[in-house]
Amino acid sequence: SLEPNECVVLKGGGKSALGINRDNKISKLSKASAKNFSMEGVSPRNKEQRFASEMLMDERIHMVSITGISGSGKTILSCASAIKQLNAKKYDKIILARPAQSTSADIGFLPGDLNEKMAPWLQPFFDNLEIIFKNGREYLNLLMEKGIIEVQALSHIRGRSLPRTILIIDEAQNITMHEAKAVITRMGEGSKLILLGDVEQIDAPHLDAATCGLGVVVEKFKDFGLSGHITLLKGERSELATHAAKVL
């Protein structure tokens with residue numbers, strides 16, 4: 001039996017097709033099936049990335065978790081899908097978050113406002129957004145000034161309500177189950193939560209693949225019809241990065 005939104009590869013007669021389990025029947029991908037499919041110029045490079053793109057672009061799926069090795073495309077796909085849907089007026093804002101693994105208490109000792117304090121941890125997002133915007137850092141800064149793209153410290157998320165928002169959390173393997181619950185319960189109507197991470201690269205000393213927030217969410221929500229999960233298997237950043245992820 002297949003879980004809701006579980007992705008499958010169908011093979012027969014020397015041919016193959018990609019499908020997804022919706023309402024207990026396998027359907028053709030509705031968003032990412034076209035060969036020329038792209039999100040703000042970013043196209044999936046393998047079948048797992050195509051599955052991820054399908055779930056990221058599907059408004060019926062309110063939470064998507066993506067795991068995979070470094071360089072497998074988790075952040076670039078998430079950012080590209082968020083910008084594409086923002087431009088289509090399906091959401092009002094994008095919030096970027098990442099656990100500050102040197103402990104969130106340290107954040108107060110960094111100079112500047114919240115954006116400046118969070119900048120070192122959120123630089124991976126900015127790197128990918130600059131690729132999507134064709135190095136348009138000025139346009140990115142304008143979106144941030146208008147509050148259309150916002151940064152969020154996870155330690156300050158309690159009490160917020162986030163309607164019509166895409167919230168992307170990178171390095172989600174370093175949050176606890178309680179932090180994951182605090183985040184998920186903030187999500188309002190018409191919002192989407194994207195959790196990214198690699199359970200093989202956990203920096204928090206008291207967490208492992210089974211007890212980290214990302215691992216718990218993937219397991220607890222696997223039979224929930226409004227969520228989906230995909231593991232990206234191939235590194236696409238470079239041959240060097242892929243080899244390092246395998247051997248080190």
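Biologist: What does Leu2 count as at 33% relative accessibility?
Modeller: This is a predicted model, where local features need pLDDT of at least 70, side-chain atom pairs count only at pLDDT 80 or more, and totals for chains, interfaces and linings use all residues. Residues are numbered from 1 along each chain as its sequence is written, and side-chain values use heavy atoms, with hydrogens and water left out. Buried means under 20% relative accessible area and exposed over 50%, with partly exposed in between (1.4 Å probe, protein chains only). Leu2 has 33% relative accessibility, so Leu2 counts as partly exposed.

Biologist: Which side chain meets Glu54 in a salt bridge?
Modeller: A salt bridge puts a side-chain nitrogen of Lys or Arg within 4 Å of a carboxyl oxygen of Asp or Glu. At 0% relative accessibility, Glu54 counts as buried. The N to O distance in its bridge is 2.7 Å, and the partner is Arg22.

Biologist: How many residues apart are Glu54 and Arg22?
Modeller: Helices (H or I, at least four residues) and strands (E, at least two) are DSSP runs. Glu54 and Arg22 meet in a salt bridge. Glu54 sits in helix α1 (residues 47-57) and Arg22 in strand β2 (residues 15-22), a gap of 32 residues.

Biologist: Which residues are linked with Arg22 and Glu54 in a network of salt bridges?
Modeller: Arg22 is buried, because its relative accessible area is 10%. The network joins Arg22 and Glu54 to Asp58 and Arg60.

Biologist: Is Glu150 buried or exposed?
Modeller: The side chain of Glu150 meets that of Lys93 in a salt bridge, at 2.8 Å from N to O. Lys93 is partly exposed at 22% relative accessibility. Glu150 has a relative accessible area of 18%, so it is buried.

Biologist: Where does Glu171, the partner of Arg98, lie?
Modeller: Arg98 is buried, with a relative accessible area of 16%. The side chains of Arg98 and Glu171 meet in a salt bridge at 3.3 Å, N to O. Arg98 is in the loop between β5 and α3, 73 residues from Glu171, which lies in the loop between β7 (165-169) and α5 (177-184).

Biologist: How many salt bridges does a search of the whole structure find?
Modeller: Side chains of opposite charge can pair when their charged atoms come close. Glu54 with Arg22 and Glu150 with Lys93 are examples here. The search of the whole structure gives a count of 11.
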